[in-house]
Amino acid sequence: MVFKRLMQAMGVGGPSVETVLTDPNCRPGGHLEGRIQVAGGDHAVDVSYVALGLVTRVEVESGDSDYDTNQEFGRRRVTGAFRLEPGQRYDIPFRFDVPWETPLTDLYGQHLHGMTMGLRTELEVARAVDSGDLDPVAVHPLPAQERLLEALLRLGFRFARADVERGHIYGVRQSLPFYQEIEFHPAPQYARAINQLEVTFVTDPQQVQVVLEVDKRGGLFAEGHDAFGRFTVGHASAATVDWAAQLDARLRQSLHRRGLFS
């Protein structure tokens, strides 16, 4: 009897959890739907809660070193406490709201190199937490974001990679403790002035805040990075602007002002 209680405390013969997404594709500010299937094990247990949370890989700068870690966000409990008898099955439908600032993982059907995103299901029994596996999620751009990215491609920029960095951008309203940088190789007409272009979106229900930063070319005494562009795009008005012309004008003006472009 003591051995059986010990095995139960270690989680042996305990409940199992499986999450099934109706559709793993979503957009910032949208939602994910599905069902969580909880099956009882060899003995009755008191489940404290079942929760869901999105998880992405985040780069952290700490002193002289950098490291990657998994960051959960948008967490929400989908049940309260309940009793799970041996062999009993619970089927829990859910609708999970995707935060507006969720990083993008896919563009035009292609995965953005460097990005990971998953929905994690967590079940707590007797103060022991089982985080379960990650169900992959694909986050596609909103129309305003897509038009801006498409404009860069039309100008000749080529996608390089994307990552997520912990921290806050100065002067930008931001609710999550991290932000995404989408990196592009320069278009030919800018190649002599910059090494790469980085784009960050910080989105809310009304608008998208856009931060553009260049990694400049230069000599020994040149500064490396220069945040030159920061502007706001309303979701409703994004379709009325020629973004290729707007971005080209912003780039040329900013680089010319800094003596990097003639």
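Start by colouring the chain by pLDDT, the predictor's confidence in each residue, from 0 to 100. The mean is 86, and 86% of the residues reach 70 or more. This is a predicted model, in which local features need pLDDT of at least 70 and side-chain atom pairs count only at pLDDT 80 or more, while totals for chains, interfaces and linings use all residues. Residues are numbered from 1 along each chain as its sequence is written, and side-chain values use heavy atoms, with hydrogens and water left out.

Now select residues 1-10, where pLDDT stays under 50 and the model has 2 contacts (heavy atoms within 4.5 Å) beyond four places in sequence. Residues 219-224 also stay under 50, with 4 such contacts. Where pLDDT is low, the predicted coordinates should not be read in detail.

Next, the interior. A nonpolar core here is a set of buried Ala, Val, Leu, Ile, Met, Phe, Trp, Tyr and Cys residues joined through side-chain atoms within 4.5 Å; buried means under 20% relative accessible area, exposed over 50%, and partly exposed in between, with a 1.4 Å probe and protein chains only. Select Leu32, Leu54, Leu119, Val137, Phe157, Phe201 and Val210: of the 62 residues in the largest core, these touch the most other members. Strand β4 (residues 45-62) gives this core its largest share, 7 residues. Strands (E, at least two residues) are DSSP runs numbered from the N terminus. Apart from this core lies another, of 5 residues, including Val172, Tyr179, Val202 and Val211.

Zoom in on Phe201. Not counting residues up to four places away in sequence, Phe201 touches Leu104, Gln145, Leu148, Leu149, Ile182, Val208, Gln209 and Val210.

Stay there for the cavity. On a 1 Å grid over the protein atoms alone, a cavity is a set of points where a 1.4 Å probe fits but cannot get out, and lining residues have an atom within 4 Å of a point. Of its 14 lining residues, Glu101, Thr102, Gln180, Phe201 and Val202 lie nearest its centre. Strands β15 (178-185) and β16 (194-203) each give two or more residues to the lining, with the largest share, 4 residues, coming from β16.

Last stop: Tyr108, in the loop between β8 (106-107) and β9 (110-111). Most residues other than glycine have a negative phi, yet Tyr108 has a positive phi of about 55 degrees. Tyr108 is partly exposed, with a relative accessible area of 44%.

Definitions and conventions: On a 1 Å grid over the protein atoms alone, a cavity is a set of points where a 1.4 Å probe fits but cannot get out, and a pocket is an open set with protein on both sides within 12 Å along at least five of seven lines; lining residues have an atom within 4 Å of a point.
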